[in-house]
Each structure stands twice: as C-alpha cells, then as structure tokens.
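Let's take a friendly walk through a protein structure. Please have the sequence and the 3D view ready.

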Amino acid sequence: MGWKETTGAAWTWYKGEWHKGNPQVMGTMTHAPWLGSCVFDGARAFAGVAPDLDRHCQRIVRSAESFGLRIVKTAPEIEALIREGIAKFPGDAELYLRPMFWAEDGFVDVDPDSTQFSVSVYDAPLPKPTGFSVTCSPFRRPSYEYAPTDAKAACHYPNSARAIREAKSRGFDNAVMLDALGHVAELATANIWYARDGEAHTPIPNGTFLNGVTRQRVAKLLRDAGITVHERSIRWSEFLEADEVFSTGNYSKVSPITRVEHKSLQPGPIMQKARDLYWDYALAGK
C-alpha cells in the first residue's frame, strides 16, 4: 500500500492545498514518527465508485479521538476532500484513499492543538484474486489493555510486519495471528473467513482487531443472500479442516486463500458469492 515516484501517480492534500506526489510533511522532531501518534484509514476507488467511503471517514475520526487528537476535519469534510482527489484521476482508475491525523508536538502524550491532517490519493491496482498461502504466526494480536486496538493506527503495523516477515521466511505469503487466548484474530493485513458445509465463519471482534468495514459489508451481504454467517471465537484447527478459506479487507476486498499450512484449497463457492455480492453492491453506487 506504499507509494513511490516510480510506481504511480499520487496527490496529497495538506494545509489547504493539493500537492503532486509525496510531499514531506513531517520532521525529525514531529511527534508521529518519534512517539507514534499517527492514525489513518484506507478506502478504495475503482470503476468510478468508492464503496463505503463515508464509513471509512467516520472511522478515522473515531481513531483520532481515541488518540486524543483534535478533530480538525469532520467525516463529511474528509469525504469531500477525498472525492476532490479522486477527480484528479481517470474515471476507471484503481486508487487507494488514505486520510491521516497525527500530532506534531507533545511528549509521550499528544498535544491536541498540534494535530495535523492530510489526505493521500494514489494509484494502487486491485490485486487479482489468484489466491495466497497462510501459516499460523508465533506473534499475536494484543488486547485493548496492551495497545490502542480501538484505532486504525500506524503503531500496530510493526507487529504485522514481523509476522509477515516470519511467515515469508517459511515460504508463506501471509500470517494468521491469534489473540492472547489462542483464538484466531485475523491475518496480518486483513480479516479472515472460512466456509464449511455451505456456511461462513469469521472471528468475532473481541478488542484485539478492528471490525473491518469490508468485513461488515460482506457479512451483511451474505446474510441478506440467505447464507448463514457465524461470528464467534474460532480455533486455528478449524481453518485446517475448512472447505474454503478467504479474506476480506479494503485493499483486496474479497480474496481466496489457496494454501493453509500444507493443505491446498481451491477458491470456493462461498468466497465467490461474497466477491460477486460485494462487486454488485459497489457498482450499484455508480
């Protein structure tokens, strides 16, 4: 989800202006890179639509509030700015939409009056649903008592990074992370599901991971289509016995998981139904 000059176009709004590319908005004394006060959200635009953009904008405001930052832009103002950015690209562009709040000053705790805000809109093609492999990580998701898990915050991602790094060292693409009690929480980068006997199962939000916007949307779409969705505590062993496994998340939306440890799987009908329903929902907004 990163951006480089060599890989695609980007526009960033900061302090009242749109800047092309990746403007330098933080210094070495800025609180965010030093003490971790950066929160963000990620939404998507593709095929001329930006599904659930309003909900992503509402979530970043909640994340900022949980960090004690000042809300310098409301959710509707953030959405309007993002739509300005989308309009700078061709109508069929596949884009990542990333608003951020952070503190410029403070010592350990933030100085709310120093809150800064930006929006980045940039090329990020949707990954093809070709499938990927997962393994159970030795690293776990923290609970709210140990980390600000109620926010989509940059400080969570080093833990995800080490989980992915360790998984790749063993030949896997992504890592399944457990909570402190040994139940499955999510992937290092997205929410996880499995299907068995025509029903869908996904971990219930328990304070160790965010209840993803795309996760919530897919759960509703499947239920509305008559498919039973179980949200509950799930053990890793259940994924090893599943008929199909898949992920939901903003970056890739709905993607099949085609290898769980050493068990190979085919993309299944529940995953395909979820993907079709999601795209029908998204494109209905055109």
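This is a predicted model: local features need pLDDT of at least 70, side-chain atom pairs count only at pLDDT 80 or more; totals for chains, interfaces and linings use all residues.

Residues are numbered from 1 along each chain as its sequence is written, and side-chain values use heavy atoms, with hydrogens and water left out.

Start with the cysteines. A disulfide is a pair of cysteine sulfur atoms within 2.5 Å, and a search of the whole structure finds zero of them. For Cys38, the nearest cysteine sulfur belongs to Cys155 and is 9.2 Å away. For Cys57, the nearest is that of Cys38, 16 Å away. Are these two residues buried or exposed? Buried means under 20% relative accessible area, exposed means over 50%, and partly exposed lies in between (1.4 Å probe, protein chains only). Cys38 counts as buried because its relative accessibility is 10%, and Cys57 is buried too, at 0%.

Next, find Ser133 in strand β7, which covers residues 132-140. Helices (H or I, at least four residues) and strands (E, at least two) are DSSP runs, numbered from the N terminus. Ser133 is buried, since its relative accessible area is 5%. Leaving aside residues up to four places away in sequence, Ser133 touches Gly171, Phe172, Asp173, Asn174 and Arg259; contact here means heavy atoms within 4.5 Å.

Now turn to charge. Side chains of opposite charge can pair when their charged atoms come close. A salt bridge is a side-chain nitrogen of Lys or Arg within 4 Å of a carboxyl oxygen of Asp or Glu, and the count comes to eleven. One of them joins Glu79 to Arg83, with the closest N and O atoms 3.1 Å apart. These two residues are separated by about one helical turn, because they sit four residues apart in helix α3 (residues 75-86). Another pairs Glu166 with Arg170 at 2.7 Å; Glu166 is partly exposed at 21%, and Arg170 is partly exposed at 38%. Arg215, Arg223 and Glu231 are linked in a network of salt bridges.

Arg232 leads us to the last stop. Its side chain meets that of Glu238 in a salt bridge (2.4 Å, N to O), and Arg232 is also among the residues that line the largest cavity, including Asp179, His183 and Pro203.

Methods: On a 1 Å grid over the protein atoms alone, a cavity is a set of points where a 1.4 Å probe fits but cannot get out, and a pocket is an open set with protein on both sides within 12 Å along at least five of seven lines; lining residues have an atom within 4 Å of a point.
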